[in-house]
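User: Hi! Could you walk me through this model, one question at a time?

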Amino acid sequence: MTTRVTFGECPVCRQGTLEAARLPNAGVLVVVCDDCESQWRHPGEATGGDTVIREEYARLVPADAEEVAAAGWPEGTVVDTP
Ligand SMILES: [Zn+2]
């Protein structure tokens, strides 16, 4: 089972869900859309396409609630997926 921390609807494609992710072996957290893969540095910045970051981090893994809290992010919604 995988736990994902989500932050609502993607403001770019309006179909995907924003979720917390991190780089493997790094403490860098980003918010990523599970559909169009737009990425932001913080859920508070995920307001539209003009704030999307350009690094396009690949190989992201889901961040859990503990990591989200450690980053000082808002709680989000925890979703368990099989
Ligand atoms: Zn999207």
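Here is a friendly set of questions and answers on this model.

User: Glad to start. What mean pLDDT does the protein have?

Analyst: This is a predicted model, in which local features need pLDDT of at least 70, side-chain atom pairs count only at pLDDT 80 or more, and totals for chains, interfaces and linings use all residues. Residues are numbered from 1 along each chain as its sequence is written, and side-chain values use heavy atoms, with hydrogens and water left out. The pLDDT is the predictor's confidence in each residue, from 0 to 100. A score of at least 70 is reached by 99% of the residues, and the protein's average is 91.

User: Which element has the highest mean pLDDT?

Analyst: Strands (E, at least two residues) are DSSP runs, numbered from the N terminus. The lowest mean among the elements, 90, belongs to strand β6 (residues 77-81). The highest, 95, belongs to β2.

User: Which residues coordinate the zinc ion?

Analyst: Donors are N, O and S atoms within 2.8 Å of the metal (3.2 Å for Na, K and Ca); water is not among the atoms, so sites may look incomplete. Here the donor spacing along the chain is C-x2-C-x19-C-x2-C. The SG atoms sit at 2.2 to 2.4 Å from the zinc ion, and they belong to Cys-10, Cys-13, Cys-33 and Cys-36.

User: What geometry does the site of the zinc ion have?

Analyst: Four donors count as tetrahedral if all angles lie between 85 and 135 degrees. Ideal angles for four tetrahedral donors are 109.5 degrees. The angles among the four donor atoms of the zinc ion are 104 to 115°, and the site is tetrahedral.

User: How many residues apart in sequence are the parts that Cys-10 and Cys-36 tie together?

Analyst: Buried means under 20% relative accessible area, exposed over 50%, and partly exposed in between (1.4 Å probe, protein chains only). Cys-10 is buried at 0%, whereas Cys-36 is partly exposed at 33%. Because Cys-10 lies in the loop between β1 (2-9) and β2 (17-22) and Cys-36 in the loop between β3 (29-33) and β4 (39-40), the pair ties together parts separated in sequence by 26 residues.

User: Which residues are linked in a network of salt bridges?

Analyst: A salt bridge is a side-chain nitrogen of Lys or Arg within 4 Å of a carboxyl oxygen of Asp or Glu, and the whole structure has four. Arg-4 pairs with Glu-19 at 2.3 Å, N to O, and with Asp-34 at 3.6 Å. The network consists of Arg-4, Glu-19 and Asp-34.

User: Which residue forms a salt bridge with Arg-14?

Analyst: Arg-14 is found in the loop between β1 and β2 and is exposed at 55% relative accessibility. Arg-14 has a positive phi of about 55° although it is not a glycine. With the closest N and O atoms 3.4 Å apart, the salt-bridge partner of Arg-14 is Glu-9.

User: What positive phi does Glu-37 have?

Analyst: Glu-37 lies in the loop between β3 and β4 and is exposed, with a relative accessibility of 58%. Although Glu-37 is not a glycine, its phi is positive, at about 65°.

Note on methods: Four donors count as tetrahedral if all angles lie between 85 and 135 degrees; four count as square planar and six as octahedral if opposite donors are over 155 degrees apart and all others between 65 and 115; anything else is irregular. Helices (H or I, at least four residues) and strands (E, at least two) are DSSP runs, numbered from the N terminus.
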